[in-house]
Amino acid sequence: MPYKLSATLIAHSSDVRALSSPTNELILSASRDATAISWQRPSPDAPFAPVSVLRAGSRYVNSVAYITPTPDAPKGYAVTGGQDTVINIFRLDAPQDDPDYSLLGHTENVCALDVTPGGAIISGSWDRTAKVWKNFSLAYDLKGHQQSVWAVLAVDEDQYLTGSADKTIRLWNQHKVMHTYEGHRDAVRGLALVPDIGFASCSNDSEIRVWTFGGDLIYTLSGHTSFVYSLSVLPSGDIVSGGEDRTVRVWRDGECSQTIVHPAISVWAVSSMPNGDIVSGCSDGVMRVFSMSEERWASESDLKEYEEKVASQALPTQQIGDVKKSDLPGLEALSLPGNKPGEVKMVRNGALVEAHQWDNTTNAWQKIGDVVDAVGQGRKQLYQGREYDYVFDVDIQDGVPPLKLPYNVTDNPFAAAQKFLETNDLPLTYIDEVVKFIEKNTSGVNIGTGGEEYRSTTAGPPAQASIYQDPYTGASRYRGTPQAPVSSAAASEYVDPFTGASRYSGAPKTPGSVAPANVLPVGKFISFKQANVSAMQGKLQQFDDALRHEISTSSLAMYPDESAKVEEAFDFLRAVTATPPRQTATSLSAAHIEAIIQTLERWPSSQRFPVIDLSRLLTGFAPEAFDTSGVKEKFIEALFTASEWNASWSPPLPKPRETNILLLFRTLANVFQDKISLDGTWSNKVFEALSQAPYSSLNKNQRVALATILFNASCVLLRTPVEKPFFDQLASLMLRILESETADSEAVYRALVGLGNILHASKAQNLLDAGQSGELVQCIRALPTTFPEERVQNVTQEIAALVS
């Protein structure tokens, strides 16, 4: 009989990373939502239910294991490990908020756990070690791997196997290496004992290998098309595996006997139950139980719903293989049987291209999704000179022409939504609606950058679909807090940052309205303090992990003291951005800023943006951390260097550099705030550097952020006397924006108000000379023609009066 869905277990809010199913009535799961859950059922016929949620911290829980019952714990113990580096042990008969035991010794993420029949625990960590714990104390420290230890397996009470990102497997007797197994071409991710033979291993090289303990390779199982993350052995001796190709595969006698496709991006974990059922844990936060026993199969309606979810998945051609639509057969090709289990065939069904997979157990083709970007479908559309798969018309407000939303199926939907909102000066509170619009109208395209583990996705449980995810840290599996719904009318109103008026109000003016009051001077700073701290931290940790576990980049990862300081910074930000803000136990200091500087100096350009974005929040919420002499200067120099400021400005700029420059500008805008001291040379160096950037090379968002820096600096001038060179630098940059900008009124308006501020301040200090005055008058005379908005005209008139 084939395996079919038996149960769907939903409780986790993020990826299920590890599983243990030691009995037919107990499943333990570990998740990136910072919890482990004990699922139990009173009898084999009853459904599983979450009995206890085990939480020992706020970091991802990445591994879980089970200790059999003892007199002190009649239901046994759950053992968990994760990013907090601590191994926590909970009694299952009476779980408490705090663990019964905590084992300290690892210095990085505990990503693998196993337990011997006698209760000894073996753990594997990104700190490149495995450890054996007996009676809840450290017994052996297993050192020798050159990279992270991703997999551990207890052979008996004194022998252990470890698998590593260094591509090797080691057999240990107590603390001594007895054998090293080489053959995998990438990181070893999972291990399982194979009775009467030896053991099996799986790897990021997409292969499963079966070995004898003597080192002989018995056979290799090939079929997965991407990373294989997890292995288990069924009571029958068959092997079950799960991986990044969203499948669970059952292997019998060296061949794949069944492929179970999941409606998720990744199958992170598989576990076998004593009754032969299979449990899977996935990136969608869902656990599923599959059974060969017909009496345990789900209802026909549930089975049909599951098949429809799988069939409705949108598959990028890079996952299936690129073909021309004109070369594909029609549905009649499905009348021919497949050659082997798991074989994938693409066929034309009208205007669609469908992917079907051969299921050997049912002798039928199973639809596994629609191929959304097959070459030759002819859906490319031009928008502003570029080709896109889709260009949507989006109606934002009645009576206003629809806005254009361009989108490619390989784009990140959150990044596309963020760009659309910022391009059209719409509030980011719309981002969830735009993302849902994209996903609905592109058949739920799943996004990924390839076969690596460290990638972002919009996949998640249906109930979580409206959760906001920070656009600057990417569309991530690590979700922030949901936003309160915003009415369409309210959300579409743009509020002027200076006057509070709406720029896009379509209501007619009230008859007899009085003339607008003077705007200048404006002394209220603009800040960029929008924060999704958890998502930002998750992305930064994700990048750090990626660097750490590649041999070629491991030296670039954060050092332990840097990681500690960065984590303290995030803890601080979580407190001050909470609603209401919470008191923090410690304040941030120069040591925290130094950790960020060192990280910026080492990390590759494409992975710096969450570090620069962290800098943005620290300048906004913890300006006192920069008060130590020399810190601000060093910090700003590191920001410019990280943004590759001195590289060529020839367009188009690389996307990572473009993002880093935008975040640099927003960070600098937060530097120029109330109570800032302009002593020293740092401010002059900032404006000298800013004057080097050709304005034409900046995009719209960068131009607005640059104008915000200048406006905030003008607010400082209203409070603090400055020297003539600083005034000249500021005036020159503002005039360059006003003379160069031809399209974006927001950048012009902010620069214009800033110019009015410094002219207002110059009256007392007599800083404006005749030459500057003439250039200024000539510039502002032309502005109302290019930008006829009332707000621009009003400020222009005020400036003209100041220089007359």
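**Close-up views of a predicted model**

**View 1. Helix 13 and helix 14 meet through a set of side-by-side residues.** In this predicted model, Leu706, Ala707, Leu710, Phe711, Ala713, Ser714 and Leu717 of helix 13 are in contact with Phe726, Phe727, Leu730, Leu733, Met734 and Ile737 of helix 14, where contact means heavy atoms within 4.5 Å. Sorted by class, this contact has twelve nonpolar residues, one polar residue and no charged residues; Ala, Val, Leu, Ile, Met, Phe, Trp, Tyr, Cys and Pro count as nonpolar, Asp, Glu, Lys and Arg as charged, and the others, Gly among them, as polar. Helix 13 (residues 700-719) and helix 14 (residues 724-740) pack at an angle of about 145 degrees, and their axes are 10 Å apart. Axes are lines fitted to C-alpha atoms, for helices over the stretch in contact, and angles run from 0 to 180 degrees between N-to-C directions. Helices (H or I, at least four residues) and strands (E, at least two) are DSSP runs, numbered from the N terminus.

Residues are numbered from 1 along each chain as its sequence is written, and side-chain values use heavy atoms, with hydrogens and water left out. Because the model is predicted, local features need pLDDT of at least 70 and side-chain atom pairs count only at pLDDT 80 or more, while totals for chains, interfaces and linings use all residues.

**View 2. Serine 31 is a buried residue of strand 3.** Serine 31 belongs to strand 3 (residues 26-31), and it counts as buried because its relative accessibility is 0%; buried means under 20% relative accessible area, exposed over 50%, and partly exposed in between (1.4 Å probe, protein chains only). A polar atom of the serine 31 side chain lies 3.2 Å from the backbone oxygen of serine 14. Apart from neighbours within four places in sequence, serine 31 is in contact with His12, Ser14, Asp15, Val16, Arg17, Tyr60 and Val61.

**View 3. Four strands form an open sheet in the order 22-23-24-25.** The pairing in this sheet is antiparallel, and two strands pair if DSSP finds at least two bridges between them. Strand 22 (228-233) and strand 25 (255-261) stand at the edges with a single partner strand each, so one side of each has no neighbour in the sheet. Strand 22 pairs with strand 23 (residues 239-243) over five bridges, and serine 230 stands opposite glycine 242 in strand 23.

**View 4. Proline 651 is an exposed loop residue.** Proline 651 lies in the loop between helix 10 (631-642) and helix 11 (655-671), and its relative accessible area is 65%.

Methods. Polar contact = N/O pair within 3.5 Å; in protein donor to acceptor, adjacent residues only side chain to side chain.
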